[in-house]
Amino acid sequence: MEYLIKQYPLEAGALEIQYIEEFFWEFPRKKTAAEIVARLSNRDFLILMAEATLPDDPAGTIVPVSFKIVHEIRASETEPKLADLVARLRGAVAFEGRKVLYNWIGGTRSDWRGQGHFRALTEESEAWAHASGYHEVVVKTKNRFYDMRGTLDQLQFDVVKYEPNAANNRDSKVYLSKQLTSAVLRSHTSRRTVTQV
Ligand SMILES: CC(C)(COP(=O)(O)OP(=O)(O)OC[C@H]1O[C@@H](n2cnc3c(N)ncnc32)[C@H](O)[C@@H]1OP(=O)(O)O)[C@@H](O)C(=O)NCCC(=O)NCCS
């Protein structure tokens with residue numbers, strides 16, 4: 001299978017992500033386009049969307065089915081959420097003299113899960129990151145996001161930190177990372193066609 005991926009510039013991408021997030025019941029607080037623009041302005045980022053044809057549609061309509069946003073994260077972050085993330089990663093992820101990427105948000109619409117779209121987006125982001133000189137990619141999830149944890153396991157992310165939530169262990173945070181070596185690129189399996197919007 002050939003995965004169809006679109007890479008978006010900032011404003012158009014933010015609107016597309018705001019739109020696709022409406023299809024995710026798992027996300028209690030969906031990101032607005034304005035939030036996405038504010039987060040990604042003045043930093044390196046990648047907005048990717050996988051598309052597929054609607055099943056049983058004679059017109060062969062193509063719809064967005066999976067998305068992923070990754071962005072640069074630095075030791076010197078001043079935006080409160082990112083500064084907090086960097087502080088929590090201290091001791092688990094080395095920032096000095098290295099380029100670190102953050103897997104910010106992503107998901108696949110329920111009807112298209114298990115078809116490799118998220119692997120294709122992840123592999124595309126890793127190929128881009130490696131070519132852009134990134135050393136490591138980090139991601140944060142929670143105990144209760146079992147689909148995401150299973151997926152990150154299959155994508156060979158390593159747990160680097162566990163942050164227990166005393167009130168409810170299912171809300172405990174799990175931080176994972178992957179070193180972006182050339183071996184990672186050689187392990188990629190998806191065939192992808194990428195279009196720049
Ligand atoms: C997690 C999610 C993005 C996976 O998307 P997907 O398009 O179904 O993933 P893929 O089909 O590309 O699967 C990638 C790999 O993960 C595995 N995988 C996917 N879902 C899995 C699950 N629920 N449990 C275990 N493994 C899983 C696949 O088998 C595949 O492995 P392989 O390529 O080695 O065979 C999707 O289930 C989702 O959007 N879930 C909701 C998002 C969410 O809860 N986010 C919370 C915030 S972190």
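**Entry 1. Overall make-up**

I counted six helices and eight strands in the protein. Both are DSSP runs numbered from the N terminus: helices are H or I with at least four residues, strands are E with at least two. I am working with a predicted model, in which local features need pLDDT of at least 70, side-chain atom pairs count only at pLDDT 80 or more, and totals for chains, interfaces and linings use all residues. Residues are numbered from 1 along each chain as its sequence is written.

Reading from the N terminus, I noted the order β-α-α-β-β-α-β-α-β-α-β-β-α-β. The radius of gyration is 17 Å, close to the 16 Å of the globule rule for 197 residues, so the protein is as compact as a globular protein of that length. That radius is taken over C-alpha atoms, and the globule rule is 2.2 Å times the number of residues to the power 0.38. I also wrote down the span of the C-alpha trace along its principal axes, about 55 × 40 × 30 Å.

**Entry 2. Burial and contacts**

I found that 28% of the 197 residues are buried. A residue is buried if 20 or more other C-beta atoms lie within 10 Å of its own, exposed if 12 or fewer, and partly exposed in between, with C-beta atoms placed from the backbone. Among contacts with a separation of 6 or more, 70% join residues 24 or more positions apart. A contact means that two C-beta atoms, placed from the backbone, lie within 7 Å.

**Entry 3. The sheet**

In what order do the eight strands of the open sheet stand? I read 6-7-5-4-3-2-1-8, with mixed pairing. Two strands pair if DSSP finds at least two bridges between them. Strand 6 and strand 8 (191-196) are the edge strands, each pairing on one side only. From one strand to the next, the twist averages 30°.

Then I went through some of the pairs.

- Strand 6 (residues 158-163) and strand 7 are antiparallel, with five bridges; K161 has Y175 of strand 7 as its bridge partner.
- Strand 5 (residues 136-142) and strand 7 (residues 173-179) are antiparallel too, with seven bridges; T141 is the bridge partner of V174 in strand 7.
- Strand 1 (residues 2-8) and strand 8 run parallel, joined by six bridges; K6 stands opposite T195 in strand 8.

**Entry 4. Helices on the sheet**

Helix 1 (residues 10-21) lies across strand 1, strand 2 (45-53) and strand 3 (62-73), at about 120° to strand 3. Helix 3 (residues 80-89) packs on the sheet and touches strands 3, 5, 6 and 7, its direction making about 70° with that of strand 3. For such angles, axes are lines fitted to C-alpha atoms, for helices over the stretch in contact, and the angles run from 0 to 180 degrees between N-to-C directions.

**Entry 5. Around the ligand**

Which of the 19 residues around the ligand come nearest? I listed G107, T108, R113, F118 and G150. A residue is near if its C-beta atom, placed from the backbone, lies within 6 Å of the molecule. Strand 4 (100-108), helix 4 (117-131) and helix 5 (146-154) each give two or more residues to this shell. Helix 5 has the largest share, five residues.

**Entry 6. Y102**

I ended with Y102, in strand 4. Why does Y102 count as buried? Y102 is buried because 25 other C-beta atoms lie within 10 Å. Not counting residues up to four places away in sequence, Y102 touches V70, H71, I73 and V138.
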